[in-house]
Amino acid sequence: MALQEIIDRLTEKHESPSISISFNTYVTNPDREKNAITLKNLIKEAENRIVEEFGKRDAAEVLEKLANLPDTVADHQLSKSLHIFISKDTEELVSSPWEVENESVSIDDSFALRPLIKAMNRTKDYMILTVAQGGAHLYEASNDTISKEIVNDDFPFDANPLEVSGSDANKIENRLKEYFNQIDKAAVAVHNENKLDVVVIATEPNYAMLMEVADVPKMYVAHQTKNYDQSEADKMAKDAYESIENLQKEERAAAIGELKQAVSSGQVLTDLQDIYQAAIDGRGELLITLQDFEQPVKMTSDRTFDLADDAKEAGVVDDIVSTIAWNVISKGGRSYFTAQEELEDLGKIVLKVRY
């Protein structure tokens with residue numbers, strides 16, 4: 001299930017207590033043995049806080065789920081971090097390919113989704129189109145990993161079946177264009193279904209010809225000229241992802257530039273309470289937050305809060321930034337977490353509003 005769908009579902013849950021546990025995980029020995037130790041300590045912290053705030057009797061069901069977590073996690077496929085969401089009616093485990101800065105336990109009346117929002121912003125699903133003398137292949141990829149090769153009525157393409165030999169240069173070029181046009185139309189058909197961008201791996205002449213016949217050129221977001229054989233799919237994905245990462249960095253830099261330009265028009269908010277109110281009202285167009293900025297608060301009304309020092313204190317929302325980010329995203333805005341220094345001139349959290 002897509003991360004967006006998981007976040008959508010968890011956002012709708014409002015139960016007290018809602019327990020969120022996030023920690024880094026290891027998939028190989030001997031480091032893998034650390035997972036059980038870390039989880040045990042986090043479960044103990046969660047149990048102590050639950051008992052102190054709610055009592056054993058009222059929280060019996062969630063305490064039982066916490067007690068069973070080691071067995072549940074043992075059967076779960078791990079990556080670089082694990083995020084656990086537990087309430088009376090919910091038990092969800094989500095692995096992420098990204099490490100977390102802070103291993104944590106959050107207890108509130110809703111789940112702490114900040115790690116998933118950050119992972120969603122940093123996870124890129126896309127396609128890789130390879131065009132070479134021997135034919136064309138299309139792959140789905142997520143970050144630096146190939147998910148699958150697209151195999152359908154069109155892909156993979158064999159070598160160009162059209163006659164391209166002879167001395168008639170125009171005829172040769174037209175036959176090549178026809179072949180590349182077939183590849184493009186087949187790639188567009190897949191793109192129309194999955195809406196994924198495409199990184200092209202081809203020689204400069206082949207890429208130029210593909211762009212010349214492309215029906216949707218903007219879907220081809222990057223180009224590499226390296227050669228790979230079928231046994232080098234993992235290396236190909238890692239190299240393709242470097243292009244994607246560069247695009248993501250450019251996108252974040254452009255978003256910061258957009259914020260700075262909006263300052264003069266009075267569309268930018270930097271006060272945390274103003275940002276929260278605009279976000280829940282659906283006015284948030286673009287939110288950018290420094291990577292490690294978190295802020296616990298104690299709500300004084302549906303729209304106001306006081307800053308808190310201790311996220312573990314009873315009645316405290318562990319991190320209002322998570323709530324703000326999801327309100328922006330769920331209401332059609334954009335949200336980025338960044339370590340780029342350009343943001344520091346504006347503040348740790350900045351929101352461009354629609355009106």
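User: How much space lies in the largest pocket?
Analyst: This is a predicted model: local features need pLDDT of at least 70, side-chain atom pairs count only at pLDDT 80 or more, and totals for chains, interfaces and linings use all residues. Residues are numbered from 1 along each chain as its sequence is written, and side-chain values use heavy atoms, leaving out hydrogens and water. A pocket is an open set of points on a 1 Å grid over the protein atoms alone, where a 1.4 Å probe fits, with protein on both sides within 12 Å along at least five of seven lines. Volume is the space filled by probe spheres set on the points, joined across faces, edges and corners, and for the largest pocket this is about 1,700 Å³.

User: Which residues are closest to the centre of the largest pocket?
Analyst: Lining residues have an atom within 4 Å of a pocket point. There are 49 of them here, and the closest to the centre are Ala119, Met120, Arg122, Thr123 and Lys124.

User: Which element supplies the largest share of the lining of the largest pocket?
Analyst: Helices (H or I, at least four residues) and strands (E, at least two) are DSSP runs, numbered from the N terminus. At least two lining residues each come from α1, β3 (91-96), α4, α7 (233-263) and β14 (334-338). The largest share is 8 residues, and its source is α7.

User: Which residues of helix α8 are buried?
Analyst: Buried means under 20% relative accessible area, exposed over 50%, partly exposed in between (1.4 Å probe, protein chains only). Helix α8 spans residues 272-280. Its buried residues are Leu272, Ile275, Tyr276, Ala278 and Ala279.

User: What covers the buried residues of α8?
Analyst: Contact means heavy atoms within 4.5 Å. The cover of α8 includes one helix, α9 (320-330). It also includes the strands β10 (268-269), β11 (284-290), β12 (297-299), β13 (305-307) and β15 (349-353).

User: Which residue reaches the backbone nitrogen of Gln273 at the start of α8?
Analyst: A polar contact is a pair of N or O atoms within 3.5 Å; within protein, one must be able to donate a hydrogen and the other to accept it, and residues adjacent in sequence count only if both atoms are side-chain atoms. Here a side-chain oxygen comes to within 3.1 Å of that nitrogen, and the oxygen belongs to Asp271.

User: Which residues does Asp319 touch?
Analyst: Asp319 sits in the loop between β13 and α9, and its relative accessible area of 10% makes it buried. Its side chain makes a polar contact with the side chain of Arg114 at 3.1 Å and reaches the backbone nitrogen of Gln295 at 3.0 Å. Leaving out residues up to four places away in sequence, Asp319 touches Arg114, Glu294, Gln295 and Pro296.

User: Why is the pair of Phe85 and Phe111 edge-to-face?
Analyst: Rings of Phe, Tyr and Trp (its six-membered ring) pair if their centres lie within 6.5 Å; planes under 30 degrees apart count as stacked, over 60 as edge-to-face and the rest as tilted. The structure holds 5 aromatic pairs. In the pair of Phe85 and Phe111 the centres are 5.5 Å apart; the pair is edge-to-face because the planes stand at 75°.

User: How many residues apart in sequence are the parts that Phe85 and Phe111 tie together?
Analyst: Both Phe85 and Phe111 are buried. Phe85 lies in strand β2 (81-86), and Phe111 in the loop between β4 (104-108) and α4 (114-122). Their separation in residues is 26.

User: Which residues form one aromatic cluster?
Analyst: Tyr179 and Phe180 make an edge-to-face pair, 5.9 Å centre to centre with 75° between the planes. Tyr179 and Phe180 are buried. The cluster is made up of Phe155, Phe157, Tyr179 and Phe180.

User: What is omega for the cis peptide bond that joins Phe155 and Pro156?
Analyst: Most peptide bonds are trans. Pro156 is in the loop between β7 (145-149) and α5 (169-194). The bond from Phe155 to Pro156 is cis, with omega about -5°.

User: Is Lys195 buried or exposed?
Analyst: Lys195 is in the loop between α5 and β8 (198-201). Its phi is positive, near 60°. Its relative accessibility is 60%, so Lys195 counts as exposed.
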